[in-house]
Amino acid sequence: QLVKCSLLSLASLILVTWAAKPNIIHMVVDDWGHADVGYHNSQIKTPFINSLAEDGVKLTSFYVYRFCSPSRSSFQTGRFPWHIGQQTTQNLNPMPGVACGINLSYSFMPKVLKEAGYNTMATGKYHLGFQSPDYTPTYRGFDEYLGYYSGAEEHFTHEKAGESHTFFDLSNNTGETIRTAPAYVGPNGTYSAFLYSNYTVDFLKRQTSETPFYIYLAWNNVHAVSIMEHRYTADSNFFRLSINVLQHATGIPINTFIHLL
């Protein structure tokens, strides 16, 4: 019988199955504070995430920078930010530094796992470099990727604004093929959290018991709060509303994962 385990900090949620080569779902939430989850603050309603915390292991003593890219680089390289040039304001935040990326001499987690026989997928926020194809997700170990390269995007249009310009930032890459993904933006758009959770479910359903997998799901929530989130809840507090939507979207791939065990 497979035993499920979750490791939860307020930056990262990792679900694994105990096996010689465990299946792994690694979720990253952006700008999620200590008091922004239900088991720390009764004003925040996150019952699904609370249940993961109760059944798993909570890591409570990991401290991070005020922006996200140093944490992302640590997750993917296994190194402290100051070992890979992420300790100053001249790192991946803001643009154009984000384009530079992590030195190619450092291997990312999916590359190492692929060498161990894993299927690998990433979706959501990347923020680890795109100055050339070699720095993008599928060149660093992921088999496929749906998401955005920069530090934030509008949830429905998938546009990145700021630094005196606006551009469309949504890519769907496979292997060495890099392409934008306008087909994912319909007349009304699909809210990013559900776009990425549904893509994850599709990947899960394509897996077999013979090959382990690693999924890296990096949410746009709760970093970029969209006023359109009232489509999904009646809450007038946009930040709390973004958390509410996130915890619903989180349950979609996790419940699929559990059902497939």
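# Briefing: helix packing and buried residues

In this predicted model, A193, F194, S197, N198, T200, V201, L204 and K205 of helix α5 are in contact (heavy atoms within 4.5 Å) with V245, A249, I252, P253, T256, F257 and L260 of helix α6. By class, this contact has ten nonpolar, four polar and one charged residues; Ala, Val, Leu, Ile, Met, Phe, Trp, Tyr, Cys and Pro count as nonpolar, Asp, Glu, Lys and Arg as charged, and the others, Gly among them, as polar. Residues are numbered from 1 along each chain as its sequence is written, and side-chain values use heavy atoms, with hydrogens and water left out. Because the model is predicted, local features need pLDDT of at least 70 and side-chain atom pairs count only at pLDDT 80 or more, while totals for chains, interfaces and linings use all residues.

**Confidence**
- The chain has an average pLDDT of 82, where pLDDT is the predictor's confidence in each residue, from 0 to 100.
- A pLDDT of at least 70 is reached by 81% of the residues.
- Over residues 1–6 the pLDDT stays under 50, and the model gives this stretch 19 contacts beyond four places in sequence.

**Helices α5 and α6**
- Helix α5 covers residues 192–205 and helix α6 covers residues 238–260; helices are DSSP runs (H or I, at least four residues), numbered from the N terminus.
- The two pack at an angle of about 5°, with their axes 9 Å apart.
- α5 and α6 are therefore roughly parallel to each other, a label for angles under 35 degrees.

**Helix α2**
- Nine of the nine residues of α2 (residues 69–77) are buried, so this helix is largely enclosed by the rest of the structure; buried means under 20% relative accessible area (1.4 Å probe, protein chains only).
- Among the buried residues of α2 are R72, F75 and Q76.
- G78 follows α2 and has a positive phi, near 75°.

**N50 in helix α1**
- N50 belongs to helix α1 (residues 47–55) and is buried, with a relative accessible area of 15%.
- Not counting residues up to four places away in sequence, N50 touches V37, G38 and Y39.
- A polar atom of the N50 side chain lies 3.2 Å from the backbone nitrogen of Y39.

**A122 in strand β5**
- A122 is placed in strand β5 (residues 119–125); strands are DSSP runs (E, at least two residues).
- A122 counts as buried at 1% relative accessibility.
- Leaving out residues up to four places away in sequence, A122 touches F142, E144, Y145, L146 and Y216.
- A122 and T138 are 16 residues apart in sequence and 8.6 Å apart in space, C-alpha to C-alpha.

How values were computed
Buried means under 20% relative accessible area, exposed over 50%, partly exposed in between (1.4 Å probe, protein chains only). A polar contact is a pair of N or O atoms within 3.5 Å; within protein, one must be able to donate a hydrogen and the other to accept it, and residues adjacent in sequence count only if both atoms are side-chain atoms. Axes are lines fitted to C-alpha atoms, for helices over the stretch in contact, and angles run from 0 to 180 degrees between N-to-C directions. Angles under 35 degrees count as roughly parallel, over 145 as roughly antiparallel, 65 to 115 as roughly perpendicular and the rest as oblique.
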